[in-house]
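Please keep the structure open while you read.

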2 protein chains.
Amino acid sequence: MMNKKKNRSIAPDQILIEDDFWSRIQTLVREIVIPYQEKILNDEIPGVEKSHALANFRIAAGLEEGEFYGMVFQDSDVAKWLEGVAYSLAVHPDAALEERADRVIEIIEKAQCDDGYLNTYFTVKEPEHRWQNLLECHELYCAGHMMEAAAAYYECTGKDRLLQVMRRMADHIDRRFGPGKETGIPGHQEIEIGLLKLYHVTGEERYLRLAEYFLEERGKNPDFFREEAARRDWTHFGMDPEDTYYNQSYDTVYNQKDAVGHSVRAVYMYTAMADLAGIQGNEKLYQACCTLWDSITQKRMYLTAGIGSSGQQECFTKDYDLPNDRIYAETCASIGLIFYAKRMLECDPDGRYADVMERAFFNGTISGMQLDGRRFFYVNPLEVNPGISGEIFGLRHVLPQRPEWYTCACCPPNLVRLLTSLGHYLWDETPDTIYSHMFAGQEAELEKARIKVKSLYPWEGAVSYTVQAKTQQAFRIGIHIPSYIRRMEVRLNREVIDAEDKLDKGYLYLKRIWGEADEIRITFAMPVRRIYANQKLLDDAGKAALMRGPLVYCFEGVDNQDASLQSLSMAREPNAEIYRITEGPLAGMTGIRVDGKALYNRSEALYTEETPEVKDVRLTAIPYFAWSNRGENQMRVWMRQE
Amino acid sequence: MMNKKKNRSIAPDQILIEDDFWSRIQTLVREIVIPYQEKILNDEIPGVEKSHALANFRIAAGLEEGEFYGMVFQDSDVAKWLEGVAYSLAVHPDAALEERADRVIEIIEKAQCDDGYLNTYFTVKEPEHRWQNLLECHELYCAGHMMEAAAAYYECTGKDRLLQVMRRMADHIDRRFGPGKETGIPGHQEIEIGLLKLYHVTGEERYLRLAEYFLEERGKNPDFFREEAARRDWTHFGMDPEDTYYNQSYDTVYNQKDAVGHSVRAVYMYTAMADLAGIQGNEKLYQACCTLWDSITQKRMYLTAGIGSSGQQECFTKDYDLPNDRIYAETCASIGLIFYAKRMLECDPDGRYADVMERAFFNGTISGMQLDGRRFFYVNPLEVNPGISGEIFGLRHVLPQRPEWYTCACCPPNLVRLLTSLGHYLWDETPDTIYSHMFAGQEAELEKARIKVKSLYPWEGAVSYTVQAKTQQAFRIGIHIPSYIRRMEVRLNREVIDAEDKLDKGYLYLKRIWGEADEIRITFAMPVRRIYANQKLLDDAGKAALMRGPLVYCFEGVDNQDASLQSLSMAREPNAEIYRITEGPLAGMTGIRVDGKALYNRSEALYTEETPEVKDVRLTAIPYFAWSNRGENQMRVWMRQE
């Protein structure tokens, strides 16, 4: 059961992160990734794959001569960068950056056609082919991303130039597609999210209805893309229009039971579905979201919140098919899972959504970025074996080290916009309740209160909320308590309170008339946990993984040099201890040591009857997100368990 | 060190198999596979992929109108069938079959061009393109197979019509290629084997020199195929002429250190190299063969004698990269490994060659054929999980059940010619010694003796040789003793003899003046053996496999229904017992039972902190070659080991 959304929108500048863990990452994004990406978009980094994305806009705007270059969705790189810049400006003003962003927006405005159409690929290269190939050509996808950027830029800077551009584009799309007009659905879902964001900032109902149309129309005619393909005599990528699972158009969104197809397309669609369900109080649509949520999180998700296990087409495969080494688990897909989780929380503040969101934040998303912010993974494996991973058929996409940038540069800018808008994911506020979804140090300027959070998370189980009420009326504060927490102490103004009866679906609810500086202090044990996978997971049977707090841990060769990782196993009684890493790029993080065994063959033979020797060893694990920061080496999350 | 070959050639009709294990298989081949394949070649099996191979010959012969159909190497299917028929006729005369084979040969003769050229693809379809695309077009490959058939048919029936055809083709090739003539090497090695067989039956030195030329020329100019491709404006498959590892033309045969590229091409080449080395007493070439032998058998071979681990291009990959589920291990490659092993034995009767030959005969080759002879595997995995294997990217080629026939029908006819000529692999005879390479019940009519072998192998360790000498002079009998045998009793005419000092490099040598009915009786223990893989094998660490005698065993789901196979492990003290299977298609075989554990999660969750329960179970294993004969189910050779 869900309720119609009553959230007050929290503006990006309301939340100021001040947190040991997240501030470092946000600073990295601001100081390294955003400027680096700006250079990329301007083709100023020698030796790196040319982007040409801004040049495409200048050419479309008539400011420059030249040819379009890049992927058909190259425009979206600019959109994602602008969105990230907007969120960054909200919490960290930077006049020079804003000035440069404004200039990019001016160019975008000039690249818009008189009829509102905006897409540099078609404007420059194939103007006669506009809207003929929704299956492959990403016009709606690019529009959706630019709408998100426009809404964010407006929210964060108050400037509406890009917003006006994208309203004109939305109007253009609205004139073309919809009931009684041309039938259309996007080949890559994203326009729905963009339109809903436009709706959130403008209140324009037509955008809501158009988003609804794209969702409701999808799968009504499973032959849509086949018929579209039959109407034209050209293709772009040569995609198979019959593969309606790939883009989730095989049935209506209400009838889809399993998470299938391209994982990013899928979670972007589910995100929009959940958003719309909440806005409309559409219980049927919310139930469809719940079914798909369960499909992912109960049967198709890695321990790291990675999703999409197929090395081909970045797709979901089957229930319980979660290979560690053949994996895809695209960074963008875990980011999309966070979008989805947040919208589900808005429908129903249930800890199971917050648990998955936290899992994704601390593991499968930030693992995509090197600790220095300069290299990025698309694929986030749970097992890597250099010499095999990245080289052998079936594993070529699984790289042991993050590369610098990609031709198809979706993941790095997606991480930027996620991490700069972290505050958005931490809170919701309804007329009677403030929800805190995840522990993170910060100052939150909410409607009903200013709340200062201090947190040692994820390294220690200690967090405090200091609440300065802005109202004399009682209201609730609901704090998500991660489901792994077994023992917890809650103090309200230093007095221990009984938390048990205040817990509901993973949230600790405290209701009172709040004062000037009421302090909620939560402390909890954060033992090393051993996790076992469902026996249906072929790769993980007989193995265990380590977690502590929200962090999944992994074993890297560099820390375990007694033997190759496959020779190691964890002891039945692992005698786990934690330690502070003091050197190298992981300095300051908490590592884990456990007892283990190492197998040794005395014989060098390929096969032998000689029983391997067993030696006692102490194994070392590090947080998964920090893997592959110390050179190429073996890694695995799941370790054989004695 | 090797010696120049002094073998007397053993004619196919000298060896008559009478063996519980092999006679069943030979009968199956004769009664089911050969007639089935004949129907296939004649396109008489409805619903099965059309072969058209004989039609191609009739069209090329001008006996029929029509177009060529099939792979560019379709002719080789007819060749392999004829070769199998020849061997079958040698030990089991069948006038009607021979009559039909004779008619096929007549058609082949008519399909030959006036200049000796024989290849239906080019004769029918692209006569102007003859010999322009050695890289892709298999003209030399098809010729090689037809030469093998011609030699076999002549040896087995005394009829030389096909032999004359193939001499003319060999002469045609000899006029075209060689020193001072056109430079050429085959894109798929096989012509070398064929020419050496022609040499063996005709004594024509030009064929020996031409085989030598093709081997010696290979890799001298690693750009050969690139230059060839540059000379023409067409391709057939679109193969990359730069990929000189794929076809082992990257360096001379002397300089190749690792087994690389397409595994069948590789072992066919090594076979010819070893054959030539023996004929010429070429120590340098033999040493090259030894290096490649070690590369395969010490670093790149599955326990089943499967080789070629890449699911793409049927290739070798890297040392110790032997994944069980992504495997290729083509039936033909293991057959080629037998060809290679036999030639190595002819150079140097060393038990390590006979061990691998035996391993391949009892495991990775015959696993390719269903027990009823009606279905065939190309790919012989060591782990199969229905629903995943055969369906998921990277594993699509790994089928859980044998299909009926293939478009590219190389493996089934290759099995036919191997199994009908089993006698060839069992013996060698030199002026002073008779070598028995593998235990099998039979009557062998050799130069120096008639030997009757009775054998309970591979089910029991009991074999006897009854020797009826044909000479008054002393000679040696060398009997290969598989290296796994630890305890053995040898009796000569019922008296126990000390075998220890009579063993040399895996052969038991008995020298004497043999009488009318001297009996050598060898009995040995055949315990269940646990095999451990080198720790570098990623998939097998912490696991063990079971063998008994020459047989690798595997676990199938149907026998172990307490849990999915990944949940099972073998006990540290497995308490192994053997039992006779009494029902179903495996009736008569010996199974193995061992103690094991099964893990159970009480929780249905994807991940849980709950330690899985452990139950004692009894596990059942069956001979690997007999897997997938009782419906689709899980299978694995390597079992987790407590």
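Across the interface of chain B and chain A, 27 residue pairs are in polar contact, both residues at pLDDT 80 or more; such a contact is a pair of N or O atoms within 3.5 Å, where one must be able to donate a hydrogen and the other to accept it, and residues adjacent in sequence count only if both atoms are side-chain atoms. This is a predicted model, in which local features need pLDDT of at least 70, side-chain atom pairs count only at pLDDT 80 or more, and totals for chains, interfaces and linings use all residues. Residues are numbered from 1 along each chain as its sequence is written, chains are lettered from A and ligands numbered from 1 in the order written, and side-chain values use heavy atoms, without hydrogens and water.

**The interface**
- Eight salt bridges are counted between chain B and chain A (a side-chain nitrogen of Lys or Arg within 4 Å of a carboxyl oxygen of Asp or Glu).
- One of them joins A:R486 and B:E609, at 3.7 Å from N to O.
- The contact (heavy atoms within 4.5 Å) involves 58 residues of chain B and 59 residues of chain A.

**Strands across the chains**
- Strand 14 (residues 528–533) of chain A runs antiparallel to strand 20 of chain B, with two bridges; strands are DSSP runs of E, at least two residues, numbered from the N terminus, and pairing requires at least two DSSP bridges.
- Here A:Y532 has B:T608 as its bridge partner.

**Strand 8 of chain B**
- Five of the six residues in this strand (475–480) are buried, meaning under 20% relative accessible area with a 1.4 Å probe, protein chains only.
- Strand 4 (residues 433–436) of chain B pairs with strand 8 in the parallel sense over four bridges, and B:S436 stands opposite B:I479.
- Strand 12 (residues 507–512) of chain B is antiparallel to strand 8, through six bridges, with B:R476 opposite B:K511.

Terms used. Buried means under 20% relative accessible area, exposed over 50%, partly exposed in between (1.4 Å probe, protein chains only).
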